[in-house]
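Morning, everyone. Please look at the screen, and keep the sequence beside the structure while I talk.

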Amino acid sequence: MSDRLKLPPTRDFNFYQRRKHDQWREVAAPTPPLEAPVADSHAHIHMLPDPAWELARAAANGVDFICAITDPSEDGAQLFDGLDNWRKAAGGYADSPAPEVRIAVGVHPHNAKLYTDAIERELLERLQDPRVVALGEIGLDYHYDLSPRETQRDVFRRQILLAKKAGLPIALHLRGGEDPEADNAHREAFAILEQEDALGPTTLLHCCALPPDELRPWLKADCHIAYGGALTFKNADAAREGALLVPEGRLLVETDSPYMAPEPMRGAACTPAHVIFTAATLADLRSHAPGADREAFLRQLHANTLGFYRA
């Protein structure tokens, strides 16, 4: 794991902020504590050094559902082979039951160049696994351009068709090309989804950071919108403005673990337990005061995630 994805050298379920010289300072969980369980709609748990321990940490902090993301072109069978054992081990670490974990599987746009007929056959086989509840994360990434854009578009379209054939929802990864004079990943993906009749409530925009004007077409199309740790960043005003527009019945929260740790854990690895900070931030942003009002909002977020992945 890279230096910026380190975890604290502790063996407990608390939260720690990484400081200079690799020192760590304990930070409090959201105060007051969240009044309802939270679901992490997007996490790469197989990338964490000890997935079983992080599942236990999540359970101890009120996270009872996780959608784990995997890419067969890069990860092989690591998540599929390890998941049941990780959950079993997690149950021995914490008093709370291990979170329910379901899987979204798909070839990330970074790896579109690796997509072959053999990978597609493996993907089709994985879609038959009863733990799989979505095809994702798939889409377009024009920020890093690790695969040719035409290849990304072709692989994106092929996987949309697989999702439709399997009757599964789609988790989208879209990034880059924000210059209005250049290609725009969100705009192009929207057009492809529209052409394939795949826009709607079975489409989830993962890790959303869109400003209001760019978000509105997705809302008009009835898509679900998920926010991660970036929503807590100081420079995320545009994303926060957009988050105020999303109907509460289509809002989700996520971590994208091990990436994008929320404030105040930036600079360290993100774990599924960190989703409680994003949920608290979103509740505050939408003026849900602690008590019955915030509890109802958190239960709505939770129901949205379970409904999207279990529908």
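First, a definition: the expected span of a helix is 1.5 Å times one less than its number of residues. Helices (H or I, at least four residues) and strands (E, at least two) are DSSP runs, numbered from the N terminus. This is a predicted model, where local features need pLDDT of at least 70, side-chain atom pairs count only at pLDDT 80 or more, and totals for chains, interfaces and linings use all residues. Residues are numbered from 1 along each chain as its sequence is written, and side-chain values use heavy atoms, leaving out hydrogens and water.

Start with helix H3, residues 78-93. It has 16 residues, so at 1.5 Å a residue it should span 22 Å. Its end C-alpha atoms are 22 Å apart, which agrees. H3 also bends by about 30° at Asp 84. That bend is the angle between axes fitted to the seven residues ending there and the seven starting there.

Which residues of H3 are buried? They are Leu 79, Phe 80, Gly 82, Leu 83, Trp 86 and Ala 90. Buried means under 20% relative accessible area, with exposed over 50% and partly exposed in between (1.4 Å probe, protein chains only). An α-helix has 3.6 residues a turn, so residues three or four places apart point the same way. The buried residues of H3 pack against several elements, including helix H1 (51-60) and strand E5 (100-105).

Next, Leu 127, in the loop between H4 and E6. Buried or exposed? Leu 127 counts as buried, because its relative accessibility is 8%. Beyond its neighbours within four places in sequence, Leu 127 is in contact (heavy atoms within 4.5 Å) with Val 105, Val 132, Leu 135, Ala 166 and Leu 168.

Now His 42, in strand E3, residues 38-43. His 42 is buried, at 1% relative accessible area. Cys 207 is 165 residues away along the chain, yet the two C-alpha atoms are separated by 8.7 Å.

Last, the rings. How many aromatic pairs does a search of the whole structure find? It finds 6. Rings of Phe, Tyr and Trp (its six-membered ring) pair if their centres lie within 6.5 Å; planes under 30 degrees apart count as stacked, over 60 as edge-to-face and the rest as tilted. Phe 65 and Tyr 309 are stacked, 6.3 Å centre to centre with 25° between the planes. This pair links strand E4 to helix H10 (residues 292-310), 244 residues apart. Phe 65 is buried at 1%, and Tyr 309 is buried at 2%.
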